[in-house]
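Here is a friendly note for anyone opening this entry for the first time. Please keep the view at hand while reading the points below.

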Amino acid sequence: MSAPGEFPLSEAPRSARKGLLSISMVLFSFTFFTGTMFAGGKLGMAFNFVDMLWIAAIGNSLLALYAAALALIAARSGLNTVLMGRFCFGEAGSRLSDFLLGFAELGWFAWGTATVAIVLVKMLGLAEGFTWPLMVFFGLGFSITAIIGYRGVDVLSRVSVPLMFVLLSVSMYIATRHVGGFKGLAAVIPHEAMTFSAAITMVFGTFASGATQATNWTRLSRTGRIAVIASVVSFLLGNGLMIVAGAWCAMVYQQADIVSVMMLQGLSFAAVVMLCLNLWTIQGPTIYNVSAAACHLVRSERRRTMTLIAAAVGVVLAIGGMYEMLIPFLVLLGSIIPPIGGVIMADFWYRHHGKYPTLASVKLPRYNVPGLTAYAFGALLAYCSPWIAPLVGIAASAACYILLLEISRRRAVLPVVQEDI
């Protein structure tokens, strides 16, 4: 069964709501992710210092606004994203968003599990045969925090977030001193090529799925204002710091792997601690998101069971080679996940005028065809777009949904108008 206070199939009641510090710390722990620093390292290899900062600022600002928009809906309704999906995709149609969001987070979980095992084998000089047993060990171990639920994530975040911030600050200071200060950073010439739109898409894509599913925690906010502030601060500063730290150090050492960078800086022990603590912090919320989507997919309250099943699948994906798929995975997420948020926002504000009825009080259709059609249109357009895919997906899906709703309404009243004439 679910732990007390989890509410996987219903609205979060007012009695379960949390304050700004609690919500912010959980979201910070969610965004303080080693994988984001790997993506930032790719930016550092492809852009000069000033351009990198602009890309990080723009990409993370857009991501923070997207997360805040969904957080406000979550706090007002008490629903997480998969439950919101019932309104905009239908009872059965919402299983599409369950699958996509579960797949996205499961991919992240598999990548993190593979990363910690592969890096530890390299750093400790272990035989290659230890890799997959370590993946099994860490994959199942990471699920403990998620099984405990919100309380476990909250407690761990209060320890890991300050330590992670200090360690990154030290690493960036050493890198800056090594290259000769800010003048040295500005003089670094990029060695790889990447378009501006692809870079923004990658920054947004690093946490597109995370921002879409952060509603699992922001729906527990006491007020909409708390949800918005916590989302903006954590995604803008938390995810932003991860991107900038990865890019900053990659520019100096021409190495996108932040753990390898710390080893070059003489921070090997700290790198091991950072990797394990950071991935433990993020893997818990990540597999929690998977279990929430899985519970809704099969309409089950057994979140702990779903957590263990999801962790086992994640381990299989890790062993299957997820470590090598990070950048293609981020680009894909930047196209297929944000359109879900676009449909949800249009459904909440345009169709329901800023207030969802309780799930128990309404009978929803099995499939909401306008919502499913709008999602497919937005995702396809985002995937094919040469511009910033997440923005294209959000705008296209929201606009398409509103248009289809208006067409449906006009068709519904047309016979009455003709009869009057």
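1. Helices α5 and α6 cross in a right-handed way (the near helix is turned clockwise from the far one by less than a right angle). Residues 95-124 make up α5 and residues 131-148 make up α6; their axes lie 8 Å apart at an angle of about 130°. That angle makes α5 oblique to α6. Helices here are DSSP runs of H or I with at least four residues, numbered from the N terminus.

2. A word on the source: this is a predicted model, where local features need pLDDT of at least 70 and side-chain atom pairs count only at pLDDT 80 or more, while totals for chains, interfaces and linings use all residues. Residues are numbered from 1 along each chain as its sequence is written, and side-chain values use heavy atoms, leaving out hydrogens and water.

3. Now look at α3 (residues 49-77) and α12 (residues 224-253), which pack at about 155° with axes 8 Å apart. The two are therefore roughly antiparallel (angles over 145 degrees). Their contact has 21 nonpolar, six polar and no charged residues.

4. Which helix gives the most to the nonpolar patch? Helix α12 does, with four residues, and Ile-229 lies in that helix. The surface patch consists of Leu-20, Ile-229, Val-233, Leu-236 and Leu-237, with about 370 Å² of accessible area together. Patch residues have over 30% relative accessible area and no salt bridge, with nonpolar side chains joined within 5 Å; areas come from the Shrake-Rupley method with a 1.4 Å probe.

Conventions:
Axes fitted to C-alpha atoms, helices over the stretch in contact; angles between N-to-C directions. Parallel < 35°, antiparallel > 145°, perpendicular 65-115°, else oblique. Nonpolar A, V, L, I, M, F, W, Y, C, P; charged D, E, K, R; others polar. Patch = residues over 30% accessible without salt bridge, like charges linked within 9 Å, V, L, I, M, F, W, Y side chains within 5 Å. Salt bridge = Lys/Arg side-chain N within 4 Å of Asp/Glu carboxyl O.
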